Structures are given as C-alpha cells and as structure tokens.
Amino acid sequence: MEPEDRNRLLRAALLRPMNILPLVLGLGVFATSQLWWILPLTLVTYAALVYLSYRDPVFQRRKLEGAGVPEPLPPRPRVPPERRARWLPRGETRRRVEEALEVYHRVVLAIEEADETTRELLDDALPKLHTAAERLVEVAESREKAAGVVREIRDAPSPSGESLEEARRLEEHIGAADAEISGLSQRFLTLRAQVVRASIEGSGSPERAAGINASLHELNLRLAALNQLMGPLGGPAEERKPPRK
C-alpha cells in the first residue's frame with residue numbers, strides 16, 4: 001500500500017466505532033472507580049482491536065475501495081439457498097426450510113436497517129448468517145438423500161443385517177437433522193429480536209453484539225457437524241442439480 005493508503009486505513013481503524021466503544025467504556029469505569037489496572041487494560045484492548053482491524057482484508061477493501069486497491073477476483077456463481085430449497089422434494093422438510101429462510105431474510109433486513117453503530121458492531125454477523133442459511137439447505141439436502149437410502153433398504157425384499165444397521169444409523173442422523181431444521185425458525189426469530197433490541201438501545205451494546213455473533217458461531221458449528229455426519233450423501237456443491245420433472 002501507498003503511505004497515503006496506510007494512513008487512511010489507520011485513521012479508519014482508530015475511529016472504528018466497535019474499537020472506540022470499549023475504550024470509552026474502559027475510561028469511564030476508570031474515571032469512576034480509580035482502579036489503576038483498568039487504564040492499561042483498556043489501552044491494550046483498544047490497541048489490539050485497532051491492529052486487528054488494520055490487518056483485516058475485508059476492512060481494508062471496504063475502506064480503500066476506489067483508492068487503487070486491486071479488486072478481488074469475482075467469486076464463482078453460486079446458487080442462492082432459496083432456489084436450492086425449491087429443489088427439495090415437496091414435504092415437511094422443504095416447508096420448514098422455506099419457513100426458516102423467510103425468517104433469515106428478516107434478520108438480514110433488521111441488520112441492514114439498524115443504526116450505523118449497530119451495523120458496525122454486527123459487521124461479522126452477516127457473513128455468518130449467510131453461512132448458516134447455506135448450511136441449513138445442505139443439511140436438508142443430505143437429510144432427503146439419507147431418507148431415500150433408508151427407504152430403499154427398508155423396501156428391499158430381504159435386506160441384510162448390515163444394511164438394516166446402516167439404515168438405523170441413518171435414521172438417527174435424520175432425526176437429528178429434523179430437530180435442527182425444526183428449531184431454525186425460532187433461532188432466527190430470537191436473533192432478529194436481539195438485533196432489533198441492540199439497535200433500539202442506541203449505544204451499540206458491544207456485549208449484545210458479541211452475544212449475537214457467538215450465537216451465530218455456535219449455530220454454524222452445529223450445522224457443520226450435523227452436515228459432516230451426513231455429508232457423503234450430499235455430494236459436492238458443484239454437482240447439485242435441480243430434480244428432473
């Protein structure tokens with residue numbers, strides 16, 4: 001980067017709301033309590049946040065856009081989760097996935113309509129939210145494929161004991177997928193309520209934003225673990241095709 005770009009990026013990192021808020025809060029606590037150890041802890045935390053922002057490639061591209069920074073290569077076209085959901089067989093699983101995706105869009109809208117400080121604090125929440133929607137559809141796709149395998153085993157004239165045992169294991173994974181898919185709408189509704197509350201409070205509420213990010217991180221881990229159990233049945237994302245009519 002040119003020196004001018006470095007200075008511009010450093011100023012943006014120093015003035016980033018999510019970096020300044022802990023500094024202001026820490027100085028306020030120090031002023032009221034006079035506990036000497038709070039001041040160096042606050043300064044170290046602020047310096048660490050500024051450094052992480054300065055080194056963040058996403059933050060760099062956003063702040064230096066149009067300032068000579070080369071554009072990243074365009075991503076490969078991806079199929080939106082809503083369209084992939086319409087490829088699922090008609091039934092309860094597809095209905096619940098579409099309901100969850102509808103609430104997911106409300107959460108995205110709530111973040112986009114929040115005040116600037118809240119949007120800054122939830123800067124990392126949107127990518128995690130999009131990942132959760134993608135993984136939800138992946139789990140549903142794998143669940144439907146697993147259900148098809150189980151039906152084939154159960155309908156076979158004389159299935160072997162090994163096949164029946166495999167069907168039983170798949171049914172356990174199907175049950176876990178059904179439970180997770182059923183609870184996604186309520187989880188997204190809870191996240192939307194947390195986003196709206198953080199925006200209404202007006203202070204940005206770093207603690208609430210951290211809680212939202214933590215909830216999304218946990219949700220993605222659960223979906224990823226569940227999809228990994230059933231992953232071999234899902235196939236590569238590039239091979240996914242709409243069902244033949």
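Guide: One term comes before anything else: a contact means heavy atoms within 4.5 Å. Keep in mind, too, that this is a predicted model.

Now take helix α1, residues 3-14. This helix has 12 residues. From its first C-alpha to its last it reaches 16 Å. That is close to the 16 Å expected at 1.5 Å a residue. Which residues of α1 are buried? They are Asp5, Leu9 and Ala13. These residues cover an arc of only 70 degrees around the axis, so they sit on the same side of α1. And what do the buried residues of α1 pack against? Their partners are α2 (17-33), α3 (38-55) and α4 (57-64).

Step along to α2. This helix has 17 residues, which should span 24 Å at 1.5 Å a residue. Its end C-alpha atoms are 24 Å apart, so the span agrees. The buried residues here are Asn19, Leu21, Leu23 and Gly26. After α2 comes Gln34. The phi of Gln34 is positive, near 60 degrees.

Step back to the whole chain. The protein chain has 10 helices and 0 strands. Read along the sequence, the pattern is α-α-α-α-α-α-α-α-α-α. The chain has 245 residues, and 33% of them count as buried. Take the contacts with a separation of 6 or more: 74% of them join residues 24 or more positions apart. The accessible surface comes to about 15000 Å². Carbon and sulfur atoms account for 57% of that surface.

Next, look for aromatic rings. A search of the whole structure finds 1 aromatic pair. Tyr104 and Phe188 form this pair. Their ring centres are 6.2 Å apart, with 50 degrees between the planes, and the pair is tilted. It links distant parts of the chain. Tyr104 lies in helix α6 (residues 92-112), and Phe188 lies in helix α9 (residues 161-201). The two are 84 residues apart. Are these residues buried or exposed? Buried means under 20% relative accessible area. Tyr104 has a relative accessible area of 5%, so Tyr104 is buried. Phe188 has 0%, so Phe188 is buried as well.

Charged side chains come next. A search of the whole structure finds 16 salt bridges. Start in helix α6, the helix that holds Tyr104. Here Arg95 and Glu92 meet in a salt bridge, 2.2 Å from N to O. Both lie in α6, 3 residues apart, about one turn of the helix. Arg95 has 36% relative accessibility, so Arg95 counts as partly exposed. Glu92 has 40% and also counts as partly exposed.

Move on to helix α9, which holds Phe188. Glu165 forms a salt bridge with Arg168, and their closest N and O atoms are 2.5 Å apart. These two are 3 residues apart in α9, so about one helical turn separates them. Glu165 is partly exposed at 28% relative accessibility. Arg168 is partly exposed too, at 35%.

Another salt bridge joins Glu180 and Arg187. Their closest N and O atoms are 3.8 Å apart. Is Glu180 buried or exposed? Its relative accessible area is 10%, so Glu180 is buried. Arg187 has 30%, so Arg187 counts as partly exposed.

One last stop is Glu134, in helix α8 (residues 125-155). Its relative accessible area is 16%, so Glu134 is buried. What does Glu134 touch, leaving out residues up to four places away in sequence? Its contacts are Arg78, Val79, Pro81 and Arg84.

Now return to the starting point. The buried residues of α1 were Asp5, Leu9 and Ala13. Look at them again in the structure, and find α2, α3 and α4 packed against them.

Note on methods: Residues are numbered from 1 along each chain as its sequence is written. This is a predicted model: local features need pLDDT of at least 70, side-chain atom pairs count only at pLDDT 80 or more; totals for chains, interfaces and linings use all residues. Side-chain values use heavy atoms; hydrogens and water are left out. Helices (H or I, at least four residues) and strands (E, at least two) are DSSP runs, numbered from the N terminus. The expected span of a helix is 1.5 Å times one less than its number of residues. Buried means under 20% relative accessible area, exposed over 50%, partly exposed in between (1.4 Å probe, protein chains only). The arc is that of the directions from the helix axis to the C-beta atoms. Accessible areas come from the Shrake-Rupley method with a 1.4 Å probe; for residues, only the protein chains shown count as cover. Rings of Phe, Tyr and Trp (its six-membered ring) pair if their centres lie within 6.5 Å; planes under 30 degrees apart count as stacked, over 60 as edge-to-face and the rest as tilted. A salt bridge is a side-chain nitrogen of Lys or Arg within 4 Å of a carboxyl oxygen of Asp or Glu.
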